[in-house]
Amino acid sequence: MTKPNKGKETEDLVESVCKIMFLSDFTIRSPKYKKASGLQKEAADFLVPFAQHLLAFQVKSKSEIKSWPEKDEKDFNRINAIIEKGIGQLNTIKRALKAGHLLEMRNSRGINIPFDSKSRIKLIGIVIVDLIGEEHFRPEERTGVFNGFTYHQEIPVHVFLRADFDLIATEIDTLPDFIEFLDRRETLFSKQQLGPLTAELDFLAIYKTRPALISDCLEGKCDLLIIEGGIWDRYIATHRKNIIERTYLNRPSYLVDSIITTIHSSIDYVPNIKYPSHKKAHALGTVENYWGVIVELSKLTRLQRRSVGEKLLEKMKKADSTGHGHALLMLDEKSALFILSSDKDRQQRFNGLYNLSAIAYCGLGLKKIVGIATEPLSVKYRSYDGIVLDDVKFENHDEFAESFKTSFGAPEPFKITEYKST
């Protein structure tokens with residue numbers, strides 16, 4: 001009988017969580033890089049590239065038969081040793097990036113995504129430790145990781161127990177939300193503003209429920225934040241109804257996740273349309289266009305996705321009755337998201353997507369617009385098309401700009417809170 005590979009099982013579990021949080025398109029397992037000699041080596045257990053960030057995961061596991069009160073110094077030293085090993089292995093990805101080695105960035109969909117290893121990125125290390133067997137102990141008897149942050153060769157490194165990481169994913173499940181969480185966690189730890197025995201989930205509860213307190217600490221308004229033990233359990237018990245409500249309210253947001261995870265099917269679809277010639281205008285039907293669209297969509301937080309999803313549902317329902325529905329949402333002063341639902345054939349639909357996106361881009365003097373098109377709500381099979389207009393030039397700019405007032409009303413801002421009733 002083949003002996004179970006506990007390390008691989010843990011990696012499988014972590015990968016499943018990463019695919020939920022970061023989606024399959026951004027999850028790269030066992031990425032390889034090629035040295036000048038031609039030799040290939042593994043860069044990390046997982047990489048998650050996103051905009052100017054690169055998350056590098058090292059996953060470690062260890063079987064445990066003793067609860068924490070039963071452990072002696074040697075037992076804790078063995079756990080520390082595997083954590084230190086995971087931290088040390090982050091040297092590999094840093095060396096690969098520094099040397100400009102060619103990284104094979106094939107995501108979980110089997111697509112080689114664009115990645116420039118020589119570009120300026122922030123490398124963030126994440127070490128996940130699975131203490132296998134401790135799930136059989138009572139919660140108060142399980143080993144905890146405290147002060148789970150360090151710098152290793154200038155890399156910020158966050159250390160999480162796998163059980164904690166799984167629960168973090170239930171509260172923070174988009175790349176921008178997770179990176180903001182890591183950035184704030186890094187600042188608090190690096191400035192030694194968190195108490196030395198702060199449990200990870202208790203910190204998460206304060207992060208979610210007292211954002212103003214976290215901001216005050218980051219702004220230097222407090223010297224030391226002492227978080228009482230057991231706050232996470234009280235958060236789950238006290239806010240149970242609010243969490244259920246939030247989950248219900250967030251349902252439309254997963255339409256955006258669905259677009260991100262299915263738009264790869266538009267690769268190789270090349271509509272008959274004249275696209276602006278510019279270095280940032282990726283050819284339609286290419287991997288570069290697919291990647292550009294999903295990166296921009298993935299910059300939306302969970303709350304922003306909820307707003308987009310609600311508006312998209314509204315326009316899809318309208319397209320069921322009128323054949324067409326569209327909306328323009330402002331992301332900031334110079335960028336916007338355009339959504340379109342139409343019962344026309346795919347070529348006609350794409351024509352509308354392109355023309356209306358270009359009209360909004362020129363009419364508002366934008367620097368960037370992301371356009372998404374799909375069928376009405378009632379269709380049996382759904383497809384998505386997307387474009388990104390980023391710092392492009394149009395020969396008929398004035399004509400597009402003139403058409404803005406007749407094509408659009410006032411653009412809509414995001415106005416939404418996580419819990420509508422509290």
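Predicted model: local features only at pLDDT ≥ 70, side-chain atom pairs only at ≥ 80, totals over all residues.
Residues are numbered from 1 along each chain as its sequence is written, and side-chain values use heavy atoms, with hydrogens and water left out.

Back to the sheet. When I say strand, I mean a DSSP run of E with at least two residues, and a helix is a run of H or I with at least four, both numbered from the N terminus. Two strands pair if DSSP finds at least two bridges between them. In general, strands of a sheet pair through backbone hydrogen bonds, either parallel or antiparallel.

Here, six strands make an open sheet in the order 1-4-5-7-9-8, with mixed pairing. Its edge strands are strand 1 (28–29) and strand 8, each pairing on one side only.

Now look at strand 7. On one side, strand 5 (residues 53–63) runs parallel to strand 7, and eleven bridges join them. You can find Leu-55 opposite Ile-124 of strand 7 there. Strand 7 also pairs with strand 9, again in the parallel sense, over five bridges. Val-129 has Leu-161 in strand 9 as its bridge partner.

How many residues of strand 7 are buried? Ten of the eleven, so strand 7 (residues 122–132) is mostly covered, where buried means under 20% relative accessible area, exposed over 50%, and partly exposed in between, using a 1.4 Å probe and protein chains only.

Glu-154 has a positive phi of about 70° although it is not a glycine. You will find Glu-154 in the loop between strand 8 (149–152) and strand 9 (155–161). Glu-154 counts as exposed because its relative accessibility is 73%. Gln-192, also not a glycine, has a positive phi near 55°. Gln-192 sits in the loop between helix 5 (175–190) and helix 6 (200–209), and with a relative accessible area of 65% Gln-192 is exposed.

On to the cysteines. A disulfide here is a pair of cysteine sulfur atoms within 2.5 Å, and by this rule the count is one. Which cysteines does the disulfide join? Cys-217 and Cys-222, with S to S at 2.4 Å. Their link is right-handed, with 125° about the S-S bond, and both residues are buried. Two further cysteines to point out are Cys-18, buried at 0% relative accessible area, and Cys-362, buried at 5%.

A cavity is a set of points on a 1 Å grid over the protein atoms alone where a 1.4 Å probe fits but cannot get out, and lining residues have an atom within 4 Å of a point. The structure holds three cavities of 30 Å³ or more. The largest cavity has about 90 Å³ of space, where volume is the space filled by probe spheres set on the points.

What lines the largest cavity? There are 14 residues, with Ser-266, Gly-285, Asn-289, Asp-385 and Gly-386 nearest its centre. Helix 11 (287–298) and strand 13 (384–390) each supply at least two lining residues, and helix 11 gives the most, with three.

Methods. 1 Å grid on protein atoms, 1.4 Å probe; cavity = no way out; pocket = protein on both sides within 12 Å on 5 of 7 lines; lining within 4 Å.
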